[in-house]
Amino acid sequence: MTTTVYARVESPLGELLLVGEVGADGPDAAGVRLRSLSMPGQKGGAVVQDGWRHAPEAFAEVARQLEAYFAGRSTRFDVPLAEGAGTEFQRRVWAALESIPYGSTVSYGEVAARVGASGAGVRAVGTAIGRNPLLVVRPCHRVIGADGALRGYAGGLERKKLLLGIEDGAG
């Protein structure tokens, strides 16, 4: 049996809502398994539900890694993620996002090619990226238009620009 826990942490993007799962006996050796990271006004972002337990202590390590990332001291996240979210196709797209190096960008078409969905599949890839429940941690902000323009970000284009600026050393 798992319990859904949540916490809010401040960031340069605004207050982030972290949602995770812990086992019946509390956090396991690795701590909470992160299920969602969303921000204010995010399209499709998580909303605290009845029965969820406020547990900021469970997210201490996630909060520490986020703080290091936003300060430019860390280039990756190493947090346990909850399993089972998304369709098989979405999980393939999300795995492709996780392989995009810090400070790099790729086009939606490149992601589509990586998951074998090029051509008309680019739109489906864009939809899957838009449903990424782990903004920042799973770097969908690194996906841009083929022409280099910033396109679509559930947290808003200004936040996408800020994240890319952090990774470019201009944050």
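View 1. Lys161 is exposed, with a relative accessible area of 53%; here exposed means over 50% relative accessible area, buried under 20%, and partly exposed in between (1.4 Å probe, protein chains only). The model is predicted: local features need pLDDT of at least 70, side-chain atom pairs count only at pLDDT 80 or more, and totals for chains, interfaces and linings use all residues. Residues are numbered from 1 along each chain as its sequence is written, and side-chain values use heavy atoms, with hydrogens and water left out. Lys161 belongs to helix α5; helices (H or I, at least four residues) and strands (E, at least two) are DSSP runs, numbered from the N terminus. Between the C-alpha atoms of Lys161 and Ala112 there are 22 Å, while 49 residues separate the pair along the chain.

**View 2. The open sheet of four strands.** The strand order is β3-β2-β1-β4, and the pairing is mixed. Two strands are taken to pair if DSSP finds at least two bridges between them. Strands of a sheet pair through backbone hydrogen bonds, either parallel or antiparallel. β3 (33–38) and β4 (53–54) stand at the edges with a single partner strand each, so one side of each has no neighbour in the sheet. Strand β1 (residues 2–9) joins β4 in the parallel sense through two bridges. Within this part of the sheet, Val5 lies opposite Arg53 of β4, and Tyr6 lies opposite His54 of β4.

**View 3. The hairpin of β1 and β2.** Eight bridges link β1 and β2 in the antiparallel sense. Val9 faces Leu16 of β2 as its opposite residue. Six residues lie between the two strands of the hairpin, and Gly14 takes a positive phi near 110°.

View 4. β2 and β3 are paired in the antiparallel sense over five bridges, and Ser38 in β3 is the bridge partner of Leu17. Five of the six residues of β3 are buried, so the strand is largely enclosed by the rest of the structure. Ser38, a residue of β3, counts as buried at 3% relative accessibility. Not counting residues up to four places away in sequence, Ser38 touches Glu15, Leu16, Leu17, Gly45 and Ala46; contact means heavy atoms within 4.5 Å. Ala120, by comparison, lies 82 residues from Ser38 in sequence and 29 Å from Ser38 in space, C-alpha to C-alpha.

**View 5. Helix α1 across the sheet.** Helix α1 (residues 60–70) lies across β1, β2 (16–23) and β3, and runs at about 145° to β2. Axes are lines fitted to C-alpha atoms, for helices over the stretch in contact, and angles run from 0 to 180 degrees between N-to-C directions.

**View 6. Packing of helices α2 and α4.** Helix α2 (residues 88–98) packs against helix α4 (residues 121–130) at an angle of about 80°, and the axes are 9 Å apart. The two helices are therefore roughly perpendicular to each other; angles under 35 degrees count as roughly parallel, over 145 as roughly antiparallel, 65 to 115 as roughly perpendicular and the rest as oblique. On the α2 side the contact is made by Phe89, Gln90, Val93, Trp94 and Leu97, and on the α4 side by Ala124, Val125, Ala128 and Ile129. These residues comprise eight nonpolar, one polar and no charged, where Ala, Val, Leu, Ile, Met, Phe, Trp, Tyr, Cys and Pro count as nonpolar, Asp, Glu, Lys and Arg as charged, and the others, Gly among them, as polar.

**View 7. The largest nonpolar core.** Among the 44 residues of this core, Phe59, Leu66, Phe70, Ile129 and Val136 touch the most other members. A nonpolar core is a set of buried Ala, Val, Leu, Ile, Met, Phe, Trp, Tyr and Cys residues joined through side-chain atoms within 4.5 Å. Two or more residues of the core come from each of β1, β2, β3, α1, α2, α3 (108–114), α4 and α5 (157–167).

View 8. Val136 is placed in the loop between α4 and β6 (143–144), and Val136 is buried, with a relative accessible area of 2%. Although not a glycine, Val136 has a positive phi of about 70°. Residues up to four places away in sequence aside, Val136 touches Leu13, Leu37, Met39, Leu66, Tyr69, Phe70, Phe77, His141, Tyr153 and Leu163. Arg138 lies in the loop between α4 and β6 and counts as buried at 9% relative accessibility. Beyond neighbours within four places in sequence, Arg138 is in contact with Leu81, Trp94, Leu97, Glu98, Asn132 and Pro133.
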